[in-house]
Amino acid sequence: MTISRRSFLKGAMAGSAASLIGPGLLTTAAAGVTEQGVWKTAGSHWGAMNALVKGGKVAEVKPFGADQYPTEMLNGIKGLIYNPSRVRYPMVRLEWLKNRHNGDRTTRGDNRFVRLTWDAALDLFHEELERIQTDYGPWALYAGATGWRQTGQVHSCGNHMQRAVAMHGHFVKKVGDYSTGAGQVILPYVLGSTEVYSQGTSWPLILENSKTVVLWGNDPYKNLQVGWNCETHESYAYLEQLKAKVAEGSIRVISVDPVRTKTQKYLGCEQLYINPMTDVAFMLGMAHTLYNEGLYDQEFIDAYALGFDDFIAYVQGEAEDGEVKTPEWAEAICGVPAERIREFARLLAADRTQLLFGWAIQRQQHGEQPYWMGAVLATMLGQIGLPGGGISYGHHYSSIGVPSSGASAPGAFPRNVDAGKTPEHDNTDFQGATSTIPVARWIDCLLNPGQTIQYNGAEVTFPDIRMCVFSGCNPWHHHQDHNRMKKAFHKLETVVTIDYAWNATCRFSDLVLPACTQFERNDIDIYGSYSNRGVLAMHKLVDPLFHSRSDFDIFTDLCRRFGRDEEYRQGLDEMGWVKKLYDECREANKSFVPAPTGDQSTFSMPEFTQFWKEGYVDFGPGENWVRHADFRQAPEVNALGTPSGFIEVSSRKIDRYGYDDCRGYPTWMEKAERSHGGPNSDRYPLWLQSVHPDKRLHSQMCESEELRATYAVQGREPIYLSPQDAEQRGIQDGDLVRVYNDRGQLLAGAVVSDDFPPGVVRLQEGAWYGPVGPEIGALDTYGDPNTLTLDLGTSKLAQAPSANTCVVEIERFEGEAPAVTAFGGPTLVEI
Ligand SMILES: Nc1nc2c(c(=O)[nH]1)N[C@H]1C(S)=C(S)[C@@H](COP(=O)(O)OP(=O)(O)OC[C@H]3O[C@@H](n4cnc5c(=O)[nH]c(N)nc54)[C@H](O)[C@@H]3O)O[C@H]1N2
Ligand SMILES: Nc1nc2c(c(=O)[nH]1)N[C@H]1C(S)=C(S)[C@@H](COP(=O)(O)OP(=O)(O)OC[C@H]3O[C@@H](n4cnc5c(=O)[nH]c(N)nc54)[C@H](O)[C@@H]3O)O[C@H]1N2
Ligand SMILES: [Mo]
């Protein structure tokens, strides 16, 4: 059931075309000694790079030669390695050290910690795993949460944590993720795959064939700066060509978004303003126009889709609600004038149209609906499977749309116990509870053990979790409603976190173990994420700082405590693993045929030593490809993965679940709270969107002081708001403001900007949580939006996060502002 990004990536590559080697493509010498120091290759989510190491320190970072569009975030790398928020030593929370799990848990978060030796810390970790497995059982341990671990296939830290814990005993796992939780559950019913992590139609074909490109809640120019692997930003070359086409008038790009985005400004394209969270109403109005003006493709629907009649009856007002979904009906909800809705529908039907959806609109209550409705719209337009037509849910992510090389990528250090082996504690009795929970429902689970909820047609019964282990994720940024999280954490007996940055997750843990950064260990990865352009040597730049160690070393040492360290590392050390993964990749690519030469003999991977010295192997570019073209060509042979094999405009299967919040076809449903006249807007009139940050990867790099200084306002996270909302509240650009609702309050720095319409404000996710104290309701001094967001499942279908369903009020902050507590590590207590 677990959906792994890597496995989707691999699937995408397996089906893609072969590639060509581009000699001389990489301009920068990978490795070499100069008078000033040594240049080495390294990698990160922000980009593959070359780094100058001088006197044992990283002195300079330059983009990798193949990266023609490097992100400004490379300027944050040095500050990520060297900053006051590094975890320096193994640490234990004072109260927990004194009284262990019997202590006062409401003090968790007071940030008072005592330094430990590695041996003492790992003994405690091991003892706690033993205690939980012996006194309770596997249902009491949650080690399921993983996140944006650093790049590198050997050190992928979630794998290390889960393998080591799994060798000790079973534990509760998660299904889904925060990125596309609703999308990846609804789309298999509609289009037969998750779509979100699938390779998409190649950019060159979009540029060649599309007449209209719709960016639907989508800001690729901002979001393509980071990739799941070592990014090389090839997508930006295509965005540049798109910009030229917009300028010459050969492609019309329209961005459906409440906000004037970075991409809009870069492309110089049109914005179609829409009230937040009302896209489904808007699209229903469009469907009404397409249907009643005869602009939809009946032939395509007859040949490729099922369930259109039930859906159209709803549009025409023949369903239970009796409401006709006219553009006038839609206007009252979405704020787009009815005539504009009609014009937009006509425009999309007039010629080749590519719909490109972002992910934020499914990170809201009923987030399944805009995705389903988008697919229905694309079905009515009848262009699915055509070059430059149809719908994509991924072109803003990790170089999706850049043709894949088709080569085999290196594998990874294993996540699970080896085949044929069992854990030390082989108890699989979850006492009637479910061993896998929907990822965003873990706080519900902590608060309501034993409760049964619906999930995707099944029942999930929450286990009674007592201990959590976190590595490579920062739940105290990524999960919604921190004050509710505090209540849940009062129930936890033990929390262990392994991280290199002392973020709020460390603060709310009992035992914290210092990992090193990816620049302090050797590794191997692909560069170019979905394009899979080549293999990169990630050279260790400097030794682990302070007392930090690689996750590999940390967990080998933990496993030694129950005598299974050799089995854990399969007898290999770090470089042994780097070489093993390279050699396996080399073997797998023996028969790799680069497409443009079509000649296997034009490609070979060198011996490991040569690769390590040169720093990379390039697979060359891939071939153009059209998503769903095979289905369009032969729908019976290349049936979709839906129950019927066809596009399901209505789903019998979902209808049979009988959910009131996800019906048998896409429907408009009011939200629990909504700005622009929606519920609770009288008290909290401002919609808070918590989009992905322009100059961070979530919470990663927030600690980088130099980079933070380029966007912080009075040392706080910026909150963006419209001139109208600012004026109404007597707020000036640069003012300190208090942002609040019934769930929490925070300080932020006001940025007044025309990019934002009245009623819409933005705090970027990943701002470090810095409460004044551990108490529930305490003011957050830096500005983490999840202090304010709603912790609610999207629906009974996906139970995904609804972070973007959130309304707030803002006031100017008067008086003495408390200092920012988010950064700088723990309060060290000597005992
Ligand atoms: N309000 C709101 N909340 C959101 C979102 C939103 O849009 N709005 N977006 C959601 C989404 S899509 C996502 S993907 C999540 C992201 O949530 P996370 O993946 O939890 O976010 P990161 O900040 O990337 O956290 C990664 C953590 O792992 C640590 N780390 C990195 N590499 C290593 C390593 O090698 N070893 C160890 N031990 N630790 C390491 C980093 O220091 C950091 O603390 O946030 C979600 N939360
Ligand atoms: N720089 C940077 N890039 C990243 C990341 C990062 O942290 N930093 N994170 C990566 C990850 S893990 C993920 S999941 C993706 C996230 O990718 P997304 O979820 O697509 O990105 P967001 O930036 O949250 O939002 C994109 C746009 O959606 C719009 N939007 C929000 N709500 C609505 C709505 O109701 N209707 C409409 N029409 N528009 C709406 C916002 O105004 C914004 O312009 O980004 C990836 N890329
Ligand atoms: Mo994400």
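Mentor: Quick ground rule first: a helix here is a DSSP run of H or I with at least four residues, and a strand is a run of E with at least two. Keep in mind that this is a predicted model.

Trainee: Got it. What makes up residues 686-806, in helix and strand?

Mentor: That stretch is 8% helix and 21% strand, and its end C-alpha atoms sit 8 Å apart. UniProt, in an unreviewed entry, lists residues 686-806 as "domain: Molybdopterin dinucleotide-binding".

Trainee: And what are the values over residues 86-560?

Mentor: There the chain is 36% helix and 15% strand, with 26 Å between the end C-alpha atoms. The unreviewed UniProt entry gives that range as "domain: Molybdopterin oxidoreductase".

Trainee: Why is Ser681 called buried?

Mentor: Buried means under 20% relative accessible area. Ser681 has 13% relative accessibility, so it counts as buried. You'll find Ser681 in the loop between helix 26 (652-657) and strand 25 (686-689).

Trainee: What does Ser681 touch, leaving out residues up to four places away in sequence?

Mentor: Arg674, Ser675 and His676. The side chain of Ser681 also reaches the backbone nitrogen of Gly677, at 3.5 Å.

Trainee: What makes strand 2 and strand 3 a pair?

Mentor: Two strands pair if DSSP finds at least two bridges between them. Strand 2 (residues 37-42) and strand 3 have five, in the antiparallel sense, so they qualify. Ala42 stands opposite Met49 in strand 3. These two strands form a hairpin with six residues between them, and Gly47 in the turn has a positive phi of about 150 degrees.

Trainee: How many bridges link strand 3 and strand 4?

Mentor: Six, again antiparallel, with strand 4 covering residues 57-63. Met49 has Pro63 as its bridge partner in strand 4. This hairpin has two residues between the strands, and Gly55 takes a positive phi near 55 degrees.

Trainee: What about the sheet with the order 11-10-9-13-14: why does one side of strand 11 and of strand 14 have no neighbour?

Mentor: That is an open sheet of five strands with parallel pairing. Strand 11 (270-272) and strand 14 (390-392) stand at its edges with a single partner strand each, so one side of each lacks a neighbour in the sheet. Inside the sheet, strand 9 (residues 212-216) and strand 10 (residues 252-256) run parallel and are joined by five bridges. Trp216 has Val256 as its bridge partner in strand 10.

Trainee: Which residues have the most contacts inside the largest nonpolar core?

Mentor: Phe125, Trp216, Phe282, Phe311, Phe344, Trp442 and Phe489, in a core of 192 residues. Helix 16 (residues 368-381) supplies the largest share, nine residues. Beyond its neighbours within four places in sequence, Phe282 is in contact with residues including Trp216, Val256 and Phe344.

Conventions. Residues are numbered from 1 along each chain as its sequence is written. Chains are lettered from A and ligands numbered from 1 in the order in which they are written. This is a predicted model: local features need pLDDT of at least 70, side-chain atom pairs count only at pLDDT 80 or more; totals for chains, interfaces and linings use all residues. Side-chain values use heavy atoms; hydrogens and water are left out. UniProt positions are given in the numbering used here, feature names are shortened, and annotations may be inferred rather than shown by experiment. A nonpolar core is a set of buried Ala, Val, Leu, Ile, Met, Phe, Trp, Tyr and Cys residues joined through side-chain atoms within 4.5 Å. Buried means under 20% relative accessible area, exposed over 50%, partly exposed in between (1.4 Å probe, protein chains only). Contact means heavy atoms within 4.5 Å. A polar contact is a pair of N or O atoms within 3.5 Å; within protein, one must be able to donate a hydrogen and the other to accept it, and residues adjacent in sequence count only if both atoms are side-chain atoms.
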